[in-house]
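I opened this notebook to record a few local features, going from single residues to strands and then to a pair of helices.

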Amino acid sequence: MTRVGILGPLQVRDHEHVAKIGGARVRVLLVRLALDPGRVITAEQLIDDLWPGEPPAHPLAALQSLVSRARREAPGLIGSHPAGYLLDVAREETDAWEFERLARAGDHRAALALWRGPALADASGHPFAMAPSARLEELRLQSLAADLATRPDPAELEELVAAHPLREPFHALLVRALAAAGRAGEALEAYERIRARLADELGADPGPELREAHLVALRIEVQGNLPARLTSFVGRKAEVVRLRELLDGDARLVTLTGPGGAGKTRLAIEVAATLDARDGVWLVELAQASGVRAAVESTLGTTDLRGSAALIVLDNCEHVVDEAAQVAERLLAEAPELRIIATSREPLDITGERLHQVGPLAGSPAVRLFTDRAAAARPDLHLDREEVLKICAELDGIPLAIELAAARLRTMPLSGLAEQLADRLALRGTRTAEPRHRTLRAVIDWSWDLLTPDEQRLLSRISVFAGGTTQAAVREVCGGDPGSLVDKSLVVLQGERYVLLETVRHYAAERLADPETAQAHARYYVELSERAEPYLRGKDQVRWLSVLDAEQANLDAALQHTADPLRAILPRFWPWVMRGRWREARTWSADVLTRVPQQEEDLAYALCVLVSGGGLLPVVWESDHPAALAAWTLAGDFGLPVDVVERARAALGRFSGHEDPWTRATVRLMAGISEFEFGAARAAEEPLAEALTGFRAAGDRWGLALALYWLSLTVENRGDFAGALALVLESAGPSAEIGGLDALPGPVMLFARIGQLRGRVGDFAGAARDLDLAWTAAERADDPLAMARVVHARAMLSRRRGAPDAQIARRALELVGLADVPPPQFVAQVLAEVSRATGEVEPLRRALALMDGNPDRTARAVILEAAAERVAPVELVGAAWALRGITGTADPEVLESLGGQRTSAREMPNPERYASSLLAGPSKPM
């Protein structure tokens with residue numbers, strides 16, 4: 001029986017000897033035939049395989065000659081067929097086929113014994129051999145892995161992973177073999193090497209086999225004293241990964257700092273439990289220790305750790321921080337493989353220390369922690385996520401505070417817990433908790449007692465700040481520098497601002513025995529708002545608005561506590577006007593009026609009266625203060641008299657020569673707005689254009705935005721809708737820069753107006769998108785009037801598309817009915833739209849009655865034009881043009897209502913009554 005071997009150099013042997021096969025191409029021929037023993041290979045296929053890309057001049061003759069040579073070298077081995085040739089042996093007589101049979105049967109050692117070198121070695125480089133040799137090599141490696149799984153040899157496996165660096169099964173075997181040999185640290189290092197290599201070179205994670213081997217290595221018992229988990233670990237997975245990277249890298253001392261109750265100890269233990277240390281992982285408790293050296297020796301049995309590769313957690317270093325620093329520095333110097341995780345409310349401040357700030361939990365992690373601990377207290381309790389979010393935010397996201405609060409649910413409902421958070425410092429923990437962790441007050445007591453008297457005094461004074469502050473403010477108000485308090489985790493540095501957690505602020509405020517600090521705080525922020533106010537009217541307004549935004553809470557606190565509330569509120573009016581924050585202005589104005597005597601000659605007092613709806617005092621009209629100037633246009637909000645146009649014109653004459661260019665531009669803006677709203681719309685264009693020029697020169701975004709917005713209304717009044725759209729779009733830019741979309745007014749009004757104008761120029765898709773934005777803003781504000789404006793605009797858009805929608809129009813009217821005090825001009829426009837959509841006359845009659853005698857001439861014109869569409873007399877169009885102050889229009893809807901007739905602007909007494917009388921008779925179809 002002849003056996004043929006191709007798992008290595010070609011081998012042909014019988015019972016007595018091994019044949020010597022000469023000639024490289026003869027060996028290639030035999031290898032090719034041995035790949036398919038007993039099967040005929042066509043002559044054409046053999047020629048392609050043996051002479052790839054360059055066949056001989058007479059290929060068939062060359063093949064026949066080669067077969068003849070092979071038959072001489074190995075008689076009886078090659079059979080002939082009319083189509084080609086075959087290796088005339090049974091499959092079982094070739095080592096490749098025998099290898100596969102043994103491997104499938106699980107006899108891997110016998111299968112591997114058949115290999116003598118690389119598969120198909122004599123055909124190396126021939127295309128036909130590439131795929132079969134690769135398949136056979138893969139099967140060999142699989143069989144090798146299966147064999148080694150029964151006899152793990154770390155040394156052999158180390159060679160294999162070096163030869164096959166990305167082959168996961170060999171790495172998994174190596175990790176298991178090392179772990180089984182009691183070398184868990186090396187097993188974890190081996191796992192980490194392949195994990196990193198897979199990530200770097202393939203962007204892949206370890207497969208299940210390798211992950212399971214890793215778990216086996218982790219389960220190997222090592223020295224140490226870390227406590228087992230009693231509760232789930234929530235919310236800091238990214239921090240665990242970051243700290244592991246530090247300690248697996250070049251960091252040998254990592255100190256976790258943060259306020260009491262932030263979870264520094266828990267995080268340190270969680271990280272330590274995932275790290276490998278050849279000589280164990282040890283937790284050294286220092287909270288009750290009298291000395292660091294003694295605690296280390298008590299825990300590890302020695303302080304001589306030279307040559308050690310242990311990982312030590314030095315927990316609660318703050319009250320022995322000097323000795324902790326000395327011991328840590330000595331241990332790290334003596335033991336190059338030693339690593340330390342320290343927890344402390346202040347850094348150890350030694351060479352090589354890496355700091356990690358452990359802050360509060362925010363959002364979802366805080367909710368998960370609360371929910372988890374609440375379930376332990378009351379498994380059947382249903383929690384409202386939004387309510388839990390509020391509670392966690394009220395507790396500053398401090399994990400200990402959250403856990404203490406959640407535990408209280410065992411004896412009270414969630415609503416009761418929320419009510420008791422004002423006394424958060426009394427929240428209690430379990431009976432077995434350390435004394436310093438049994439209440440929040442005890443947690444902060446621990447930190448307070450470690451402060452010097454000067455630091456205690458400074459911390460109590462800092463409690464007067466609300467929402468954080470700057471270093472300059474702390475020095476000015478409190479007379480100290482907060483740097484040491486930052487180091488001790490009682491003050492948090494966020495960017496350029498110093499912030500107290502609310503829990504710490506409550507505690508420190510209880511210890512503030514100096515009432516002058518609150519007045520010093522009030523003076524500082526009143527002076528800041530006075531210093532900022534002039535810069536809010538020019539190119540620096542964005543920067544100064546950001547300063548005021550950052551100090552909003554402090555400015556409000558100063559206004560609440562100041563001994564001079566009129567001085568404090570006066571510089572606040574202008575920012576409120578710029579941003580359109582009327583509700584805030586009204587609230588504070590009403591509050592100030594309860595704290596001061598009547599002072600009608602004082603501008604601040606008069607503005608408070610005006611904003612609170614108490615009427616106009618003469619001092620407001622006479623003042624050039626920015627808020628007083630702006631008040632002339634705010635009749636809807638501040639209740640100004642009906643002669644606002646005359647007063648605005650008088651002010652224009654009084655201040656048009658003012659030395660301040662901004663003031664000159666502002667009185668022109670106010671005059672233009674007043675003219676448009678209550679006078680002649682056409683007369684508004686000139687002062688508004690002059691105001692625009694002045695604000696461009698001054699760099700004032702507020703004035704620029706308003707001038708553009710109101711100019712767009714005057715342009716729309718003339719029927720130039722494209723020009724109006726361009727102006728209103730331009731106005732949104734500078735307004736957004738200062739966060740003042742509400743002052744346009746908007747954002748609902750702004751987006752709705754843009755949508756209406758897009759519809760007028762035929763951009764129906766763009767109009768729908770803008771109205772969707774307006775609707776989102778209206779829903780967020782939960783404002784029925786704002787919603788009505790959007791629905792009204794949608795009804796107009798449907799009509800202009802040629803598909804009037806009565807349902808949408810009626811919905812707008814329903815929403816108007818839900819508003820507190822809707823402007824009559826808008827109510828009339830909604831009624832007119834209902835009439836247009838339904839064909840009903842009565843809504844239009846009601847609209848005309850509402851507008852009869854109204855001072856808003858432009859709004860009256862809109863309703864008259866709607867009536868003209870219905871009854872078609874040219875007199876109504878002429879009366880509308882007279883109200884608008886124009887001689888003609890390009891508005892296609894108005895022109896269509898003329899039906900080709902000519903008309904001109906014509907004043908008419910009581911045009912609304914005339915139109916209503918016409919509606920009683922025959923009308924033009926809609």
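Predicted model: local features only at pLDDT ≥ 70, side-chain atom pairs only at ≥ 80, totals over all residues.

I count a residue as exposed when its relative accessible area is over 50%, as buried when that area is under 20%, and as partly exposed in between.

Entry 1. I located Asp-250 in the loop that links helix 11 (237-248) to strand 7 (253-257). Its relative accessibility came out at 65%, so I noted Asp-250 as exposed. I then looked up its separation from Ala-19, which is 231 residues in sequence and 62 Å in space, taken C-alpha to C-alpha.

Entry 2. Ala-19 took me to strand 3, where I found this residue opposite Val-12. Strand 2 (residues 11-13) and strand 3 run antiparallel and are joined by 2 bridges. They belong to an open sheet of 3 strands with antiparallel pairing, in the order 1-2-3. Strand 1 (3-5) and strand 3 (18-19) are its edges, and each has a single partner strand, so one side of each lacks a neighbour in the sheet.

Entry 3. I turned to helix 34 (residues 661-678) and helix 35 (residues 685-698), whose axes come within 8 Å and cross at roughly 150 degrees. Since angles over 145 degrees count as roughly antiparallel, I recorded the two helices as roughly antiparallel to each other. The crossing of helix 34 past helix 35 is left-handed. Among the residues making the contact are Trp-662, Leu-669 and Ile-673 of helix 34, and Leu-688, Ala-691 and Phe-695 of helix 35. Sorted by class, this contact comprises 8 nonpolar, 3 polar and 2 charged residues.

Conventions. Residues numbered from 1 in each chain as written. Heavy atoms only, no water. Axes fitted to C-alpha atoms, helices over the stretch in contact; angles between N-to-C directions. Helix = DSSP H or I, 4+ residues; strand = E, 2+ residues; numbered from the N terminus. Parallel < 35°, antiparallel > 145°, perpendicular 65-115°, else oblique. Left-handed = near helix turned anticlockwise from the far one by under 90°. Contact = heavy atoms within 4.5 Å. Nonpolar A, V, L, I, M, F, W, Y, C, P; charged D, E, K, R; others polar. Pairing = 2+ DSSP bridges. Buried < 20%, exposed > 50% of the residue type's maximum accessible area, 1.4 Å probe, protein only.
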